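Reader: I have a structure open and want to learn how to read it. Can we take it step by step?

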Amino acid sequence: MSASSGDEAIRDLLATSKVIAVVGLSSKRFRPSYGVSQYMQGAGYRIVPVNPNETKVLGEKAFASLGEIPKNIRVDIVDIFRRSEEAPNVVDDAVRIGARAVWMQEGVVHEAAAARARAAGLIVVMDRCILKDHQRLLG
């Protein structure tokens, strides 16, 4: 299963993942990244905030970049809450840290970055909300 965003593949990814690194997670409660991450944390996932402007979000230590996450934290999904043009750098970092999947939130679309991630063996979900898919498929 290299990468479709079909329901079966997404259900399997969500059911077998434990740690989600959220790139662009803000401590501002009104931001979509906060609400989505809070929901996913409540659903049993460990959330690892990745934002150079934060120190702690949702009770978890924030890291300035994916590369700064300690090696003993095995990231399953890298959830991207950044502009589409920032996706390629995030994908490169996700490949480097050995993530299983890259999830580009609604409105985040970058075909070339998605192709690079798939070529590196990552599962790719693009232009979808992880909260909505979790509620629909596992909720």
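Author: Start with a pair of strands. In this predicted model, strand β1 (residues 19–23) and β5 pair in the parallel sense over 4 bridges.

Reader: Which residue of β5 is the bridge partner of A21?

Author: Stay with the pairing of β1 and β5, which is parallel. Look in β5 for the partner of A21: this is V78.

Reader: How many bridges join β5 to strand β6?

Author: β5 and β6 (residues 101–104) run parallel. I77 is bridged to A101 in β6. I80 has M104 as its bridge partner there. The number of bridges joining β5 to β6 is 4.

Reader: What is the strand order of the open sheet?

Author: The sheet has 5 strands, with parallel pairing. At its edges are β2 and β7 (123–125), each pairing on one side only. Neighbouring strands are turned by 20° against each other on average, direction ignored. The order is β2-β1-β5-β6-β7.

Reader: Why are the buried residues of α3 on the same side of the helix?

Author: The buried residues are A87, P88, V90, V91 and A94. They pack against β1, β5, β6 and α4 (111–119). They share a side of α3 because they cover an arc around the axis of only 160°.

Reader: Which exposed residues does the face of α3 turned away from its buried side carry?

Author: Exposed means over 50% relative accessible area. Turn to the face of α3 that is away from the buried side. The exposed residues there are N89 and R96.

Reader: At what angle do the axes of helix α2 and helix α5 cross?

Author: Helix α2 spans residues 32–42, and helix α5 spans residues 130–138. G35, V36, Y39 and M40 in α2 meet I130, L131, H134 and Q135 in α5. The contact residues divide into 5 nonpolar, 3 polar and no charged. The axes come within 9 Å and cross at roughly 35°.

Reader: Which residues of α2 are buried?

Author: Look first at what covers them. The cover includes α1 (7–16), β1, β2 (46–50), β3 (56–57), β5 and α5. The buried residues of α2 are S33, Y34, V36, S37 and M40.

Reader: Which residue with a positive phi follows α3?

Author: Take α2 for practice: G44 follows that helix, with a positive phi near 105°. Now go to the end of α3. The residue following α3 has a positive phi near 80°, and its name is G98.

Reader: Is L58 buried or exposed?

Author: L58 lies in the loop between β3 and β4 (60–61). L58 has a positive phi of about 55°, although it is not a glycine. Its relative accessible area is 16%. Buried means under 20%, so L58 is buried.

Reader: What is the relative accessibility of D127?

Author: D127 is found in the loop between β7 and α5. D127 is not a glycine, yet its phi is positive, about 60°. D127 counts as partly exposed, because its relative accessibility is 41%.

Note on methods. Residues are numbered from 1 along each chain as its sequence is written. This is a predicted model: local features need pLDDT of at least 70, side-chain atom pairs count only at pLDDT 80 or more; totals for chains, interfaces and linings use all residues. Side-chain values use heavy atoms; hydrogens and water are left out. Two strands pair if DSSP finds at least two bridges between them. Helices (H or I, at least four residues) and strands (E, at least two) are DSSP runs, numbered from the N terminus. Axes are lines fitted to C-alpha atoms, for helices over the stretch in contact, and angles run from 0 to 180 degrees between N-to-C directions. Contact means heavy atoms within 4.5 Å. Ala, Val, Leu, Ile, Met, Phe, Trp, Tyr, Cys and Pro count as nonpolar, Asp, Glu, Lys and Arg as charged, and the others, Gly among them, as polar. Buried means under 20% relative accessible area, exposed over 50%, partly exposed in between (1.4 Å probe, protein chains only). The arc is that of the directions from the helix axis to the C-beta atoms.
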